[in-house]
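Here are some exercises for getting to know a new structure. Try each task with the structure in view, then read on through the solution.

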Amino acid sequence: MEVQTTPAPGETAPVLPRAAYLDPAWFEAEQALLFARSWLFAGLARELAADGDYLTVEAGPTPLLVVRTGDGLRAFRNICRHRGARLLEGRGNAKVITCPYHRWCYGRDGRLRGMPDANRFPAWTRELGLVEARVANWNGMLFVNADEGAEPFEAWLGSAAGTLWRWPVEALVEVQRDAKDVGANWKLFVENHIDGYHLAHLHRDSLRGLDHARQSWRSAGRHWLFFEPPLDAAGPPAVESRWLPRIAGLDAGHAGSTVWHLFPAFAGAAGATYFAVLNIVPLAPDRTRIERRVLTAQASAGRLIAAAAEEWWGRRRGDVFAEDSRAVEAVQRAMRAPGWREGPLADGFETAIRRFREAVAKDLA
């Protein structure tokens, strides 16, 4: 896979060629070389509370399942060892994992427990257990990796843990969950998320109350962490709700907007009253699913209803997500034009975009 890592004379060096956002071959390479080998968000630990509770997730081209056992959490390739059929769909509870095709049965430890007409198969067939994958439960969030040889989760997360640990996810309640498709390449959505330049312009009305001029960000390995403080002498930023209590353990310094991106495709934003995650799922070169979940501190039913009426998590004073979606879709459409070129990136405000592209190029080179 050819990657452009140095600028042509007189050009601004996009690091990745235009084909990286348009070409099906690029998309397939990313699925195999990046998403099949990366730590990816799978869900919340509370979703797997009882023995046998399971959920399924796609790790690039590799379907995975995560199941609660008496000994903790296990992750496996969601593929039968007989004919390779997918075993489970969605989420639920299973005492045994049974293939719908020929009824081969596996225990929650992944071992093959039984199969019809076992005498018709060689004896070594009994050793065909499910292929192991990796799972981590960190701060109430589940992450999976299809690659058994991947770096440990703690090494992947690195110093980003110190920022995200401040929000006690296990103690929060989920108040919104949805998924929407965006007509753009997944990288364009990430690049928009880590772009500090557009905040004061695209979101001029929807992100009022934040001091865009005093934004700050830092790299944490391949990850990105960002903070914008509230404007001096201003009320709560538009992303906060006046109806919800402050999350326990957060001080006044968290009243602004903390935003993150964990490479390659887990992002979110958090403040004094909320913790919102964005799971970015590539579907095609020009289509991406954004799975959104918002959590808040425990609050009375009346306060939750008031916050919902205020629509504080998305559409209050303008829909941030809709604005972002329109912007990246506009870029995606324009990229197909002959002679399309990108101009220079804003120093500081858009530096994170170049670093993100360099990380993608490194994994695909």
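Predicted model: local features only at pLDDT ≥ 70, side-chain atom pairs only at ≥ 80, totals over all residues.

**Exercise 1. Find how helix H2 and helix H8 pack, and which residues meet.**

Step 1. Locate the two helices: H2 covers residues 24-33 and H8 covers residues 351-364. Their axes lie 10 Å apart, at an angle of about 80°.

Step 2. Name the arrangement. Angles of 65 to 115 degrees count as roughly perpendicular, so H2 is roughly perpendicular to H8.

Step 3. Look at the contact itself. From H2 come Trp 26, Ala 29, Glu 30 and Leu 33, and they meet Val 360, Asp 363 and Leu 364 of H8.

Step 4. Sort these residues by class: five are nonpolar, two are charged and none is polar.

**Exercise 2. Work out the strand order of the open sheet of four strands, and describe its pairing.**

Step 1. Read across the sheet: the order is E4-E3-E2-E5, and the pairing is antiparallel.

Step 2. Pick out the edges. E4 (72-77) and E5 (91-93) are the edge strands, each pairing on one side only.

Step 3. Follow the chain from E2 (residues 53-59) into E3. Six bridges join these antiparallel strands, and Tyr 54 stands opposite Val 67 in E3. The two strands form a hairpin with two residues between them, and Gly 60 in the turn has a positive phi of about 65°.

Step 4. Go on from E3 (residues 62-69) to E4, again antiparallel and over six bridges. Arg 68 has Leu 73 in E4 as its bridge partner, while Thr 69 stands opposite Gly 72.

**Exercise 3. Is strand E3 buried or exposed?**

Step 1. Recall the cut-off: a residue is buried when its relative accessible area is under 20%.

Step 2. Recall how a strand is built: in a regular strand the side chains alternate between the two faces of the sheet.

Step 3. Inspect each face of E3. Thr 62, Leu 64, Val 66 and Arg 68 on one side are buried, as are Pro 63, Leu 65, Val 67 and Thr 69 on the other.

Step 4. Conclude: eight of the eight residues of E3 are buried, so the strand is largely enclosed by the rest of the structure.

**Exercise 4. Which strands are joined to strand E15 by hairpins, and through how many residues?**

Step 1. A hairpin of three residues joins E14 to E15. E14 (residues 257-262) runs antiparallel to E15, with five bridges, and Leu 262 stands opposite Phe 266.

Step 2. Five bridges join E15 to the antiparallel strand E16 (residues 275-284), where Phe 275 is the bridge partner of Ala 270.

Step 3. Examine the faces of E15. Phe 266, Gly 268 and Ala 270 point one way, Ala 267 and Ala 269 the other, and all are buried. With five of its five residues buried, E15 (residues 266-270) is therefore largely enclosed by the rest of the structure.

Key:
Residues numbered from 1 in each chain as written. Heavy atoms only, no water. Axes fitted to C-alpha atoms, helices over the stretch in contact; angles between N-to-C directions. Parallel < 35°, antiparallel > 145°, perpendicular 65-115°, else oblique. Contact = heavy atoms within 4.5 Å. Nonpolar A, V, L, I, M, F, W, Y, C, P; charged D, E, K, R; others polar. Pairing = 2+ DSSP bridges. Buried < 20%, exposed > 50% of the residue type's maximum accessible area, 1.4 Å probe, protein only.
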